[in-house]
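Take a look at the model below.

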Amino acid sequence: MSILIYTESENGKLKKAAFEVASYAAAIAAQNGLSVTAVSFNTDDTDTLGTYGVSKVLNVKNENLSEFNATLYADTILQAAEKETATLVVLGSSANDKFLAPMVAVKLNAGYAPNVVSLPESTNPLKVKRTTFTNKAFALTQVDTEKAVIGLAKNSFGLKEEQTTCTTEDFAPTIVESSSKVLSTDKATGKVTIADAEIVVSGGRGLKGPENWGMIEELADVLGAATACSKPVSDLGWRPHGEHVGQTGKPVASNLYIAIGISGAIQHLAGVNASKVKVVINNDPEAPFFKAADYGVVGDAFEVVPQLIEKLKEYKANNT
Amino acid sequence: MKILVCISHVPDTTSKINFANNDTEFDKNGVQFVINPNDEFGLTRAMWFKEKQGASITVVNVGTADTEPTLRKALAIGADEAIRINATPTDGFFVAKQLAKVVADGQYDLVIAGRESIDYNGGMVPGMLATLTGANFVNMCIGLEVEGTTAKATREIDGGKEEIETTLPLVIGAQKGLVEEKDLRIPNMRGIMMARKKQLAVLEPEAVEAQTQITSFEKPAAKGDVKLVSPDNLDELISLLHNEAKVI
């Protein structure tokens, strides 16, 4: 018996989140005398999963599955789970993971616990801690079905190496006709996404206008960070919706979140709560964000940010 | 086109989150409830289909009688009729099963549910409902056009978007972007008066067992005070981020 994980790849290469899912499943497997099998689509570097405790990879090499198709992907994960007699399936929390998990849960007749942040507190019955109320609280959730699906919250467990002998098998699931197809994909290339980013630099209305985002992007560049924004900024059309962070936007679970000119409305703070370290730069010392942040600079963003960029460049030059 | 919009009744986004009964349930004391924002984006898009393409809109909620003002608000915004499944929504699977029955009985072409409710953030009802009813599914939907039985949907992906062609019956997980914030409608007096006369059917639930249960809640540990760094001493900030926080 094994734990099945879905490991997402892009252009044939596994995403970092896949290694976190692997690390998490390997830790559960070790506690329960199980092994970890991964199912992946058109992935070239499956061997690297051995570093994170995966002993078998079912790699689906199928041109028809080169583009994401939720129904076909979910069917494939189901077939892999049946083949491995898996009673636990673990996915991450990317856009695709969140698309697939509830579908897989229904097909597998398994209870689904999303946004899970730590190892199970017990496995029989399965009890896991997950975030709720947009990170304003945790809920201890018990799964009462024989099988379970866990959605692991991003950046909640980290990568843990566990060198394991890993074999890769070609896996050919039965594929049905699908009435959905991808017409086009529009994705910025060479830009760090909020979902994958370890550092996020975010701007608010304090920046006064979209023309002032140059320094936000430059700061993000220096740090290898993704850019984000507050709700008013996206509502005003200064920045695309995809960058809106908060309760009705995206959650951010990065290692470092830098908020510039963002006052820190409760809905925004909820969305960034899962980030490990928060820095706020704001000229208003009364801004609520200072109560939620780890480090703060009270000052004019238009003076502080350019200086910070210069100093970080210096720091990077001396530390690489 | 028959549209079903699934409505969650959730605490307003500014609510303080507290728990009662030994931290086993959400404390509703003094909390304002609203239409789940993701559902409201969906309802607003449904209104577009109603006005431009003559669609009919039914709104549905799985909840006890105290959710009815939220359904009435959806009627005041412009939905034609409402259904309340008279049950406490114990988990996402339970809710999806109840909705699947409504979908099967009503033969809806398009089902719109918010990507997630802002209270429990499960994000599971739309995907479960689509799978239970055998409908196509597009999650995190930020654009939707329907012509005949063909739908073109845009979904948000990590770092971009993707356009999908699919067919009805279809379930979408709605979110901001499907309509803009400024397009949201505040019910006017006429809408509110008309909503009183619209049908709100109360149906008893199917016998379904929940698959999961929340045994307790807890709040995150209190945070320490912010460390302030002078704007004239940004080297210190870099040093703190490197040596203390270890994030750069």
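What follows covers the interface, a strand pairing and the cores.

This is a predicted model: local features need pLDDT of at least 70, side-chain atom pairs count only at pLDDT 80 or more, and totals for chains, interfaces and linings use all residues. Residues are numbered from 1 along each chain as its sequence is written, with chains lettered from A and ligands numbered from 1 in the order in which they are written.

Start at the contact. Chain A puts in 74 residues and chain B 62 residues; two residues are in contact if their C-beta atoms, placed from the backbone, lie within 7 Å. On the side of chain A that touches chain B, helix H3 (residues 95-108) gives the most, with 8 residues. Helices (H or I, at least four residues) and strands (E, at least two) are DSSP runs, numbered from the N terminus.

Strand E13 (residues 181-187) of chain A runs antiparallel to strand E11 (residues 160-167) of chain B, over 6 bridges; pairing requires at least two DSSP bridges between two strands. Ser184(A) has Glu163(B) as its bridge partner in E11(B).

Now the interior. A nonpolar core is a set of buried Ala, Val, Leu, Ile, Met, Phe, Trp, Tyr and Cys residues joined through C-beta atoms within 7 Å; buried means 20 or more other C-beta atoms within 10 Å of a residue's own, with C-beta atoms placed from the backbone. The largest core has 175 residues, and Ala22(A), Val89(A) and Leu129(B) touch the most other members. Helix H1 (residues 16-32) of chain A gives the most to this core, with 10 residues.

Definitions and conventions: A residue is buried if 20 or more other C-beta atoms lie within 10 Å of its own, exposed if 12 or fewer, and partly exposed in between; C-beta atoms are placed from the backbone.
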